[in-house]
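Dear colleague,

Please find the structure below. I would be grateful if you would read the notes that follow with the structure open beside them.

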Amino acid sequence: MTSTRQRILSGAKPTADSLHLGNYIGAVRQWVDMQSEYDPVFFIPDLHAITVDFDPVELAKRTRIVAAQYIAAGIDPDKSIFFVQSHVPEHAQLAWALNCITGYGEAARMTQFKDKTAKAGSDAATLGLFAYPSLMAADILLYQADLVPVGEDQRQHLELTRTLAQRFNSRFGETFKVPQATILKSTAKIYDLQNPAAKMSKTGESPNGAIQLLEDPKTAAKRIKSAVTDDGTEIRFDAEAKPGISNLLTIYATLTNRTIADLEEAYQGKMYGHLKTDLAELMVEFLTPLRARTNELMSDPAELDRLLARGAGRARDIASVTLASVYDRIGFLPLSGGR
Ligand code: TYM
């Protein structure tokens, strides 16, 4: 791990029994692609997972599933710092300091907070949900990350992170690197297969709208075949006029490393059904080994936990240095003999 490389950092919440295809294409795949050229930090934000309704037994299981899915998708725990957020107490500690420089109105303007509050009702919305973005800022700033590869839905949180870093630096002295989001235009938003106006998500209305990375590949193939498509017959990328077909083309291009233009040419004169049949087959080829590898990793939880513990140790080595300088700048009295 050389210090000349730029540091990348990202994470996906353990709030479902599996990551979905949107998480993979919008985020995890980029992490895997960037892993060798950058200094990578990937973690599982379990503190964020408890900002909405959760079940403790499920949470523990889901945390290991996400860990296994990261590795199965290609994250190498030897190349990347790989850990669970709650194992590194500095996240919650820095988040508190950032809460105290975040405006109430600033936090209330976060669209994800507004959406979730609208869905769950304001009584179900907790102080934790409100503070979600400053915890996310802490995740990033603790490691002095240069780049944060995420999907489009995280853009506003990244902007707040930059604002908080700049505010802290100008008030207390240069402390944090100001990070940048890496949002790949072509894959930043994968849409729901049944409703191509909405993003694919863990909480979509129809189960057929999302592909779960751990589901039976045959079921996933059926979901592709039943995806909502558009009027007309031409297979062409046009996000406005043909959102359904464009979404399928994006997924197809990502799984095969082909360009959209190449696919448009290959499918000239063919029907939507041809594209769907081929993509359904590709999906089976993609999911089958991914699922087998995830299940294999899940069958040895002790080994997963060992890898996560090792990662937490490496993460703390970095996080504790940043937190110490934050505490010092804020004026917290040093603990005689060290913390
Ligand atoms: P989460 O768990 O909702 O999603 C994980 C990643 O997947 C991306 N994503 C998508 N990309 C394209 N199309 C979609 N339909 C789609 N759905 C999800 C998300 O943009 C994200 O990159 N707040 C974060 C977790 C987090 C984090 C962090 C990320 C906590 N701390 C620090 C980066 C840095 C979240 O809820 O992601």
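Which residues of helix α4 (residues 90–99) are buried? In this predicted model, they are Glu90, His91, Leu94, Ala95, Ala97 and Leu98. Viewed down the axis of α4, these buried residues lie within an arc of 160°, so they line one face of the helix. Their packing partners are α2 (46–49), β3 (81–84), α8 (132–141) and α14 (301–330).

The whole structure contains 12 aromatic pairs. One of them is formed by tryptophan 31 and phenylalanine 42, which are stacked, with 5.0 Å from centre to centre and 15° between the planes. Tryptophan 31 belongs to helix α1 (residues 21–34) and phenylalanine 42 to strand β2 (residues 39–44), so this pair ties together parts that are 11 residues apart in sequence. Both tryptophan 31 and phenylalanine 42 are buried. Ring pairs also link Trp31 and Phe42 with Tyr70 and Phe82 in a cluster. Elsewhere, a charged residue meets a ring: lysine 270 lies over the face of tyrosine 267, 5.4 Å from the ring centre.

Finally, please look at arginine 29, which is also placed in helix α1. Its relative accessibility is 16%, and because the limit for a buried residue is under 20%, arginine 29 counts as buried. Its side chain is joined to that of asparagine 257 by a polar contact of 2.6 Å. Apart from neighbours within four places in sequence, arginine 29 is in contact with Tyr24, Thr254 and Asn257.

Yours sincerely

Technical notes:
Residues numbered from 1 in each chain as written. Predicted model: local features only at pLDDT ≥ 70, side-chain atom pairs only at ≥ 80, totals over all residues. Heavy atoms only, no water. Phe/Tyr/Trp six-rings, centres within 6.5 Å; stacked < 30°, edge-to-face > 60°. Helix = DSSP H or I, 4+ residues; strand = E, 2+ residues; numbered from the N terminus. Buried < 20%, exposed > 50% of the residue type's maximum accessible area, 1.4 Å probe, protein only. Lys NZ or Arg CZ within 6 Å of the ring centre and 35° of its normal. Arc of directions from axis to C-beta. Contact = heavy atoms within 4.5 Å. Polar contact = N/O pair within 3.5 Å; in protein donor to acceptor, adjacent residues only side chain to side chain.
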